[in-house]
Amino acid sequence: WEGVRMAWEEWAVCSGSFAGQGKSQSGLDFHAAPNIDHSNPQVQKDICDWLVWLREDVGYDSLRFDFSKGYGGHFVKKYLEAAGPEFSVGEFWDTCTYEGSGLAYNQDGHRQRTVDWIDQTGGQSAAFD
């Protein structure tokens, strides 16, 4: 992987994102960068291979998944099963509930969406907001 770029083109990017030709995204849109089509088998294989390389050759023992609201936790489960890190965490930034101009006391919905993503990973990843 050193100096080698993934041979991804428009087919690896979700439709509606940066001229992508892949399937629709499985999560929210990240406007600052192309949304990767995690449902594509070649994308999944490449990510799994890359994460295994990070673990075995580079020495990573933990993984952090950025903007994990942008793709389903079931994809992260597959990636974690391939790489086998000691620890994993997803950045599941979610909007809190507000009442008027202030933060609502009850944030159960916010917490539950985070737990739902963790459950999609098969409990193999933690999450933070």
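Colleague: What does Leu-51 touch?

Modeller: Leaving out residues up to four places away in sequence, Leu-51 touches Leu-63, Phe-65, Tyr-79 and Ala-83. Contact here means heavy atoms within 4.5 Å. This is a predicted model, where local features need pLDDT of at least 70, side-chain atom pairs count only at pLDDT 80 or more, and totals for chains, interfaces and linings use all residues. Residues are numbered from 1 along each chain as its sequence is written, and side-chain values use heavy atoms, with hydrogens and water left out.

Colleague: Which residues touch the most other members of the largest nonpolar core?

Modeller: Leu-51, Leu-63, Phe-65, Val-76 and Tyr-79, out of 17 residues in that core. H1, E1 and H2 are the elements that give two or more residues to this core, and H1 gives the most, with six residues. A nonpolar core is a set of buried Ala, Val, Leu, Ile, Met, Phe, Trp, Tyr and Cys residues joined through side-chain atoms within 4.5 Å. Buried means under 20% relative accessible area, exposed over 50%, and partly exposed in between, with a 1.4 Å probe and protein chains only. Helices (H or I, at least four residues) and strands (E, at least two) are DSSP runs, numbered from the N terminus.

Colleague: Which residues of H1 are buried?

Modeller: Val-43, Gln-44, Asp-46, Ile-47, Cys-48, Leu-51, Trp-53 and Leu-54. Their cover includes strand E1 (62-65) and helix H2 (73-83).

Colleague: Why should H1 span 26 Å?

Modeller: Because helix H1 (residues 41-58) has 18 residues at 1.5 Å a residue; its end C-alpha atoms are 24 Å apart, which agrees. The expected span is 1.5 Å times one less than the number of residues.

Colleague: What follows H1?

Modeller: Gly-59, with a positive phi near 105°. Phe-67 also has a positive phi, near 40°, and is not a glycine; Phe-67 sits in the loop between E1 and H2.

Colleague: Switching to the sheet. What is the strand order?

Modeller: E1-E2-E5, three strands in an open sheet with parallel pairing. E1 and strand E5 (126-128) are the edge strands, each pairing on one side only. Two strands pair if DSSP finds at least two bridges between them.

Colleague: How many bridges join E1 and E2?

Modeller: Four, between E1 and strand E2 (residues 87-91), in the parallel sense. Arg-64 has Val-89 in E2 as its bridge partner.

Colleague: Which strands does H3 touch?

Modeller: Helix H3 (residues 108-120) packs on the sheet and touches E2 and E5, its direction making about 150° with that of E5. Axes are lines fitted to C-alpha atoms, for helices over the stretch in contact, and angles run from 0 to 180 degrees between N-to-C directions.
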